[in-house]
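Have the sequence and the 3D view open while you read.

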Amino acid sequence: MQEFKIKAYGKSELALQYFPEAASAHTAVNHLMSWIRRNPVLTEELMRLGYRKSAKYFTPKEVGKIVEYLGEP
């Protein structure tokens, strides 16, 4: 198993790491974003870091927060 690295990830790239069995990258992103929305503290932290819904990637700081709250993929 490879060590997970905190770095910038495209939404699809990160989502597929959390949901490798998803039927498509789109489905994986929907699942990941659902998990994030269900955690209001994580959602607030991401907004504080400058996350925008229309973003196509997560910054390293955003990825760090996601991993802090959801664990490593």
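**Salt bridges, pockets and a buried lysine**

Let's start with Glu45, which is buried, with a relative accessible area of 18% (buried means under 20% relative accessible area, exposed over 50%, and partly exposed in between, using a 1.4 Å probe and protein chains only). What you're looking at is a predicted model, where local features need pLDDT of at least 70, side-chain atom pairs count only at pLDDT 80 or more, and totals for chains, interfaces and linings use all residues. Residues are numbered from 1 along each chain as its sequence is written, and side-chain values use heavy atoms, with hydrogens and water left out.

**The salt-bridge network**

- Searching the whole structure turns up three salt bridges (a salt bridge is a side-chain nitrogen of Lys or Arg within 4 Å of a carboxyl oxygen of Asp or Glu).
- Glu45 pairs with Arg48, and their closest N and O atoms are 2.9 Å apart.
- These two sit three residues apart in helix α3, so about one helical turn separates them (helices are DSSP runs of H or I with at least four residues, strands are runs of E with at least two, and both are numbered from the N terminus).
- Arg48 counts as exposed, at 57% relative accessibility.
- Glu45 also forms a salt bridge with Lys65, with the closest N and O atoms 3.7 Å apart.
- That pair links distant parts of the chain, as Glu45 is in helix α3 and Lys65 is in helix α4, 20 residues apart.
- Lys65 is buried at 18% relative accessibility, and it makes a salt bridge with Glu68 at 3.2 Å between the closest N and O atoms.
- Glu68, by contrast, is exposed, with a relative accessible area of 53%.
- Put together, Glu45, Arg48, Lys65 and Glu68 are linked in a network of salt bridges.

**Helix α4**

- Helix α4 covers residues 60–70, and its buried residues include Glu62, Val63, Ile66 and Val67.
- The cover over the buried residues of α4 includes β1, α1, α2, α3 and β2 (57–58).

**Lys11, a buried charge**

- Lys11 belongs to helix α1, which spans residues 11–18.
- Lys11 is buried but has no salt bridge, and Glu62, the nearest side chain of opposite charge, is 8.4 Å away (Lys and Arg count as positive and Asp and Glu as negative, while His and the chain ends are not counted).
- Leaving out residues up to four places away in sequence, Lys11 touches several residues, including Val29, Tyr51 and Phe58 (contact means heavy atoms within 4.5 Å).

**The largest pocket**

- About 200 Å³ of space lies in the largest pocket (a pocket is an open set of points on a 1 Å grid over the protein atoms alone, where a 1.4 Å probe fits, with protein on both sides within 12 Å along at least five of seven lines; lining residues have an atom within 4 Å of a point). For the volume, grid points are joined across faces, edges and corners, and the space filled by probe spheres set on the points is taken.
- Lys11 turns up again here, as one of the lining residues, and others among them are Met33, Thr43 and Tyr51.
- Helices α2 (25–37) and α3 (40–48) each supply at least two residues of this lining.
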